[in-house]
Amino acid sequence: MDDRFETAGGWARKGQDHDTPLTAWAQWRALKAHHRAVKDMSLRAAFAQDVGRAERMSAEAAGLYLDYSKNLVTPETLGLLFDLARARGLEARREAMFRGERINRTEDRAVLHVALRAPVGTAIRVDGRNVVEDVHAVLARMGAFAEAVRSRAWLGASGKPIRTVINIGIGGSALGPEMAYHALRPDTHPDLTLRFLANIDGAEFRDVTAGLDPGETLFIVCSKTFTTEETLVNARTARDWCVAALGEKAVARHFVAVSTNREAVAHFGIDPAHMFGFWDWVGGRYSLASAVGLGLMIAIGPEGFAELLAGFRGMDEHFLSAPLETNLPVILGLLGIWYNNFFDAQTLAILPYAHDLARLPAYVEQLVMESNGKHVDESGRAVDYETGPIVWGEPGVDGQHSFYQLLHQGTKIVPCDLIGFCRSRAGLPHHQDLLMANLIAQAEALAFGRSAEELTQAGVAGEQIPFRVCTGNRPTNVILAEALTPRTLGALIALYEHSVFTQGVIWGIDSFDQWGVELGKVLARRIQGELTGATPEGAHDDSTRALIRYYRACRARGD
């Protein structure tokens, strides 16, 4: 471990006082001073003065090409950011994660989503057990079941093959598989449809099951503990729907589980032989490559799922071994630190120029905001700096006709990741040429804008010029790949996973717990009884009491 040592706040170098707040660290102060010197830099001037800027500020790994040259950085900026990463022990912390150490401190757990895509023969031990062997045992069972459904060997209770698979889960047990399914539609089985049921709004159940034959429908209930309230409410409603049409015995042929609670699964009526497990060292938002991806594996096949895992693994290996200066997740994460903490940028826009990646912004939103939306560091001290940004976005080119106006001429700085592919799997190459022309043009326009002088030379009337000027200097990363394949998607997801990890290490926070979601759940369980009259009204603030009473009055009138 050379000159590094472990502290309550993470890994640090000898000589660093880890009780010192991050904002007082020498490397942080150096970045603060540097920001004052370069905050008004011109990207036009930077490119004019450095003809090799684009080549030097680009990197490639695992099938992804990252151009980060259109960022408000100089070579000195990058050097200072890498100095900060090393001082905060990023390399040692990264190695600790891959070794299976318990870096999720508040829950005393390992963080091993990387083990889910490790190749056969890899040894990663947790409490003395090689968990990679367990992973591949589950993958083999998943593959056998997926093939049975895909080949129509698995029949429903009425003897019909399965035509629709419905994934019942919430959060990471739904959003990841849903995003990936839409992204990989060209790879899916032509006679199978995968749908997702997450929201407990009855309208979603109505829409998801509309027009379906229960005899041709398979439900996958994803809940590690088999106690997740939203998932179990939907699962019981689905069970009633199925039993009403096919009888009680049909449950065993139309429900399988992704869980570790064998007793609860069996009580529900699911054969425990059709329960696929995963582990407490897999966080929900990092679980796509686990049994949570069973529905996706059924859709794209075991071979397609193996390609997805290979893409994950390619980026994992790059993140673990590449020097920080050429490491895509590290670069992406550190650029986020630069804008979030020194430019006071509050948001990050994820802008995929790919219809099939329409759900990627929502996926990255959860990944970033649930991981790094923290107000204390790992030792429980309140931080005095910003942590995770707000993530949002929509596919291009739709966004160009809505919110890009603010990106170009608004008063807020919004760093953007523009993601595109050189080849479309939908055919229609002319469409792809136009789509990618828009991506590249937007990156250029955001960086360099349009000056008053250029408008004057173009013959624009003087009174119009103030309204048409685009100042430029709006930062972008451009991420390109050859095509949107399972392997590419895996690499792209891992890129963002490890960039989130990088930022969490810099901020000294636990990126793998999620205690903030608990409070609302606890209160909801209490309030539910009060809404229905099952329990007396409890102690609440005036606003909450008024809302409860208004709801009950409306229900009474409706009933």
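**Pockets, helices and overall size**

Student: Which helix gives the largest share of the lining of the second largest pocket?
Tutor: This is a predicted model, in which local features need pLDDT of at least 70 and side-chain atom pairs count only at pLDDT 80 or more, while totals for chains, interfaces and linings use all residues. Residues are numbered from 1 along each chain as its sequence is written, and side-chain values use heavy atoms, with hydrogens and water left out. A pocket is an open set of points on a 1 Å grid over the protein atoms alone, where a 1.4 Å probe fits, with protein on both sides within 12 Å along at least five of seven lines, and its lining residues have an atom within 4 Å of a point. For the second largest pocket, the largest share is five residues, and these come from helix α16 (residues 429-448).

Student: Which elements each supply at least two residues to the lining of the largest pocket?
Tutor: The largest pocket holds about 980 Å³ of space. Its lining has 37 residues, and the closest to the centre are T228, G284, Q514, E518 and K521. At least two lining residues come from each of α9 (229-246), α14 (360-372) and α20 (518-532).

Student: How many helices and strands does the chain have?
Tutor: Both kinds of element are DSSP runs numbered from the N terminus, with helices (H or I) needing at least four residues and strands (E) at least two. Counted in this way, the chain has 21 helices and 15 strands.

Student: How far apart are the end C-alpha atoms of helix α21?
Tutor: Helix α21 covers residues 542-558, which is 17 residues. The expected span is 1.5 Å times one less than the number of residues, so for this helix it comes to 24 Å. The model agrees with that expectation, because the end C-alpha atoms of α21 are separated by 24 Å.

Student: What percentage of the residues of the chain count as buried?
Tutor: Taken along the principal axes, the C-alpha atoms of the chain fill a box of roughly 75 × 60 × 60 Å. Buried means under 20% relative accessible area (1.4 Å probe, protein chains only), exposed over 50%, and partly exposed in between. Among the 559 residues of the chain, the buried share is 53%.

Definitions and conventions:
Grid points are joined across faces, edges and corners, and a volume is the space filled by probe spheres set on the points.
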